[in-house]
Amino acid sequence: MGEDEMEMENTTINLVEMDWEYYTDTLGIEGVLKEQVNDFVVRELASHETGEGDHLIVKLRKQNMTTMDAIGKLSSMLHISKDRIGYAGNKDKKAVTEQYISVKGVDPEDIRGIYTDEFDLEVVGYGHRIGIGNLSANRFEITIRDLNLPIEDLRNRTLKIVDEMDGKFPNYFGPQRFGSTRPITHQVGRHLLKGNYEEAVWTYIAKPYDQEYKSIRKTREELWETREVEGAAEKFPKKYRYEKTLLYHLTKHPEDYQGAIKRLPEGLQTLFIHAYQSWVYNRVLSQLLEDGWYQEDYEIPLVGYKTDLKDEKPENIMEDVLEEEGVSQDDFRLSDFPELRSEGSYRRAFADFRNFEILDIGDDSLNMAKNKMTVKFDLPKGSYATVFLREIQKNN
């Protein structure tokens, strides 16, 4: 694709706006999430029978840390490979989280002998390896702050919305799927699908967003304009290791953008494709809600090269979305990256929620003359608490 075509394409396809349609009509309460870490508490609901098996089942409590970082630190402390530690899914970083992990080849005393301020460990017993998705649900306790409404209005409006939802909410992917401060993962995915490897690399390294800290934003802005790789890696702080990886590769192998992408962890490469599938899914679901469509148990495709786009309304809209985006099902074969090819899967259009309860409403000590509200609810695995609360908040 030439530069003129690329510029024209970038101006016609909106890959930034995430103004998804709401399910309910009642005005929201607005407010802010995650002003402090313990505003967002997640507990995994899982049943791991113990007594048999060669893995030690351990409860992991952490805060302000990703699951992957916690697993990495634990493997170093135990002097074992990360591959010997199993877990059911990633929990939020800016949150207090509790989840089960399995560890192979260690004794309970090895776990009890770990002393760290970074996370807590509790031995549950012996069982089988815990794998991705090996849980039934998550329980959330979340505080919404900076609320303007009086206490009774907050309570009444929230309960009215929950009643209107009637146990269901649109099962959108949350903004964290695309990058909370820099929503670029789906954009990189689309470039990979279209074979635009140069744009994929520069979007990941340098596309600037206002939500980032000024210093790193300035670095990205300069690179976005100049695309000068010499010495650029040193401008990124140590924790931006993937940007550095790409830039070091391009310094040694100028314009080998495909090779640069392959230097990234395969899990991250896969995430780009999955994020784009999620983007298309959200677009389709949003259009369905706008049209007043509802089928409780319908599963919308996460499109891939094998997806059957049958003659049903969701699939018809998906065909239109793919055409607008300039992406075909065959693009998901990814001939240059066969390990990333995706045949597609499905995701329910509407998710269930259970056990909603308002735990507390009162003055917000962090925001003068404002209120806060703490709520509790259970969601099935794979569903986003921020998406559920979005329906109650309706921040625009």
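In this predicted model, arginine 333 and aspartate 330 form a salt bridge, with their closest N and O atoms 3.0 Å apart. Arginine 333 is partly exposed at a relative accessible area of 37%. Aspartate 330 has 52% relative accessibility and therefore counts as exposed, since the cut-off for that class is over 50%.

The structure holds 31 salt bridges. One of them is between the side chains of glutamate 122 and arginine 61, at 2.7 Å from N to O. This pair links distant parts of the chain, as glutamate 122 lies in strand 5 and arginine 61 in strand 2, 61 residues apart. Glutamate 122 is partly exposed, with a relative accessible area of 33%, and arginine 61 is also partly exposed, at 29%.

Lysine 370 and aspartate 146 meet in a salt bridge of 2.8 Å, N to O. Here 224 residues separate the partners: lysine 370 sits in the loop between strand 11 and strand 12, and aspartate 146 in strand 6. Lysine 370 is partly exposed at 22% relative accessibility, as is aspartate 146 at 23%; neither counts as buried, because that class requires a value under 20%.

The largest cavity holds about 40 Å³ of space. Its lining consists of Val188, Leu192, Ala200, Val201, Tyr204, Leu246, Ile261, Leu264 and Phe272. Helix 5 and helix 6 each give two or more residues to this lining, and helix 6 has the largest share, three residues. The lining comprises nine nonpolar residues, with no polar and no charged ones.

Definitions and conventions: Residues numbered from 1 in each chain as written. Predicted model: local features only at pLDDT ≥ 70, side-chain atom pairs only at ≥ 80, totals over all residues. Heavy atoms only, no water. 1 Å grid on protein atoms, 1.4 Å probe; cavity = no way out; pocket = protein on both sides within 12 Å on 5 of 7 lines; lining within 4 Å. Points joined across faces, edges and corners; volume = space filled by probe spheres on them. Helix = DSSP H or I, 4+ residues; strand = E, 2+ residues; numbered from the N terminus. Nonpolar A, V, L, I, M, F, W, Y, C, P; charged D, E, K, R; others polar. Salt bridge = Lys/Arg side-chain N within 4 Å of Asp/Glu carboxyl O. Buried < 20%, exposed > 50% of the residue type's maximum accessible area, 1.4 Å probe, protein only.
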